[in-house]
Amino acid sequence: MPKARQQAATLGVTPDEVETAFYEALQSADIEKLMACWADDDDIVCIHPGGPRVVGALAIRSAFDAIFGHEGSIQVQAESIRRITSMASAVHNVLERIEVMTSEGPVHAFVLATNVYHLTPLGWRLVVHHASPGTQDEVQEVNQVSQVLH
């Protein structure tokens, strides 16, 4: 078993551990650690902000290789995580605070992402990462139901 897959097998005890490993891999531009977070399934899906649906491990790896090759690591912090967990699946909605270096210095962008995890024979694994287009304004959360139905 490759080292990255072994490491992920020990990290896959909970969806939170896989999520932590995923964001650490983004911050260190570690493609092996990042891919070890994903399930071994032909139907895994990744959608980058404003991008197409990328399906399958080879296509996802290629997309992240391109990002790491062009931009290097991604300085991202996962915040305000909302979790829904069942026996064999978990859905995390995450506010990603991303730091982008510009000629004027660092600028923060905010992206909402949904990460879906399945419990596999090797532990919890990522099966979907879907990130919305980013914004420079911090994303607000709506918690109250409106009294107006339309």
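Which residue follows H2 with a positive phi? That residue is Ala-29, and its phi is near 55 degrees. Keep in mind that you are looking at a predicted model. This briefing visits helix H2, then the largest pocket, and ends with Gly-123.

**Helix H2**
- Helix H2 covers residues 15–28.
- With 14 residues at 1.5 Å a residue, H2 should span 20 Å, and the 20 Å between its end C-alpha atoms agrees with that.
- Several residues of H2 are buried, among them Val-18, Ala-21, Phe-22, Ala-25 and Leu-26.

**The largest pocket**
- About 450 Å³ of space lies in this pocket.
- Its lining is made of 20 residues, and those nearest the centre are Ile-67, Glu-71, Ile-74, Gln-75 and Ile-98.
- H2, helix H4 (57–71), strand S3 (75–85), strand S4 (89–102) and S6 each give at least two residues to the lining.
- S4 provides the largest share of the lining, with five residues.

**Gly-123**
- Gly-123 sits in strand S6, which runs over residues 123–131.
- Is Gly-123 buried or exposed? Its relative accessible area is 12%, which is under the 20% cut-off, so Gly-123 counts as buried.
- Gly-123 and Cys-37 are 86 residues apart along the chain, and their C-alpha atoms are separated by 10.0 Å.

Conventions
Residues are numbered from 1 along each chain as its sequence is written. This is a predicted model: local features need pLDDT of at least 70, side-chain atom pairs count only at pLDDT 80 or more; totals for chains, interfaces and linings use all residues. Side-chain values use heavy atoms; hydrogens and water are left out. Helices (H or I, at least four residues) and strands (E, at least two) are DSSP runs, numbered from the N terminus. Buried means under 20% relative accessible area, exposed over 50%, partly exposed in between (1.4 Å probe, protein chains only). On a 1 Å grid over the protein atoms alone, a cavity is a set of points where a 1.4 Å probe fits but cannot get out, and a pocket is an open set with protein on both sides within 12 Å along at least five of seven lines; lining residues have an atom within 4 Å of a point. Grid points are joined across faces, edges and corners, and a volume is the space filled by probe spheres set on the points. The expected span of a helix is 1.5 Å times one less than its number of residues.
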